[in-house]
Amino acid sequence: MRIHSIIILTFLSLVAACASTTATSPANKISEQPQQETRMTPQHKKINSWAYLLQGPKVATLAESPYDLLVVDYSKDGSDKNRFSAKEISVLHRFNKTVLCYFSIGEAEEYRFYWQKEWKENPPRFLGPENPDWAKNYKVKYWREDWWETGLRPYLDRILEAGFDGVYLDIVDAYWFWHQQDMDVQNTADDMVKLIKRIADYTRRKAGKNFIICPQNGMGVFNDCSPEYKGVYFKTIDMVGLESLLFNIYSENDRNYRLKLAKELADAGKTILDVEYIDESQYTDYLKQVKALDFKLIPYGSTPDAELDRITNFWKFRK
């Protein structure tokens, strides 16, 4: 493992040197923002394992991890300044990783590049209330064009520029929040599916048909939308990411409902990812429960605090 780490660090040093040379070249001085050619996403690799890391990801750690698929933020610290470069993501590709970028589409985040200070006193029309459970996160009227132009499209452009293999779409369940504000549930669900398809169309037009679309949670959207948009949802997505499907559940009824929806997706050929926020002592029981399911699921055991700030040794328990 130590030799492997040295190889990775050496490779990263070469990448950094190349980036430095490019930054100081005369051609680069002519244009501050040279045109970045979008990487065409290759055919999907077989995925048998995955990991989820949003806080402080390091390229070397990700590259030497034993997981096939990685879900990470577009930035090392959430800032635009420290977003992943195409060269850094290419390192992960050289180590045969499929890399999805976490992307919140149903909430605006105060710490992202698109946030404007004046929004506190003069919020844009798309901005809704702050999430009481997550400070500095605000529900958005995701169907509005100004949210697309202000937050989503510029974010997608950064994801495409870096060469990610796909997007991991969070806060899909915002459709239910707006239903709870007295809006018709079929309309809010249809609008969310429309947004997911718009994201897929935009990214695949630039990065090719293999660009992965993976919503997280919110599976009820395809149960609550119109029959037309249920078909659109199934045609559009490749995978679904789930949290707390088997542990820390809301209720038995909710668990059974989610299992039913997950099976429907799996039977349709969609890859099902699940992360559980549990102690390492529960990993063996988790794997037993996964084995007992009547559909295929790719599990990942994280930590009980759900901070997603490190890659765990869950893979050791799957041997």
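This report walks through a sheet, a helix pair and a pocket in a predicted model.

## The three-stranded sheet

Let's start with the strands. Three of them form an open sheet in the order E4-E6-E5, and the pairing is antiparallel. Strand E4 (107-109) and strand E5 (127-130) sit at the edges with a single partner strand each, so one side of each has no neighbour in the sheet. On average, neighbouring strands here are turned by 40 degrees against each other, direction ignored.

Now look at how E4 meets strand E6 (residues 137-140): three bridges join the two. If you want to find one of the partners yourself, pick Ala-108, whose bridge partner in E6 is Tyr-138.

## Two helices side by side

Next up are helix H7 (residues 185-207) and helix H9 (residues 227-236), which pack at an angle of about 35 degrees with their axes 10 Å apart. The crossing of H7 past H9 is left-handed.

Who touches whom? On the H7 side the contact includes Asp-190, Val-193 and Arg-204, while H9 brings Tyr-229, Val-232, Tyr-233 and Thr-236. Sorted by class, this contact has six nonpolar, one polar and four charged residues.

## The largest pocket

The largest pocket has a volume of about 1700 Å³. It is lined by 49 residues, and those closest to its centre are Trp-134, Ile-171, Asp-173, Asn-217 and Glu-243.

H10 gives the most, with four residues.

Technical notes
Residues numbered from 1 in each chain as written. Predicted model: local features only at pLDDT ≥ 70, side-chain atom pairs only at ≥ 80, totals over all residues. Heavy atoms only, no water. Pairing = 2+ DSSP bridges. Axes fitted to C-alpha atoms, helices over the stretch in contact; angles between N-to-C directions. Left-handed = near helix turned anticlockwise from the far one by under 90°. Contact = heavy atoms within 4.5 Å. Nonpolar A, V, L, I, M, F, W, Y, C, P; charged D, E, K, R; others polar. 1 Å grid on protein atoms, 1.4 Å probe; cavity = no way out; pocket = protein on both sides within 12 Å on 5 of 7 lines; lining within 4 Å. Points joined across faces, edges and corners; volume = space filled by probe spheres on them.
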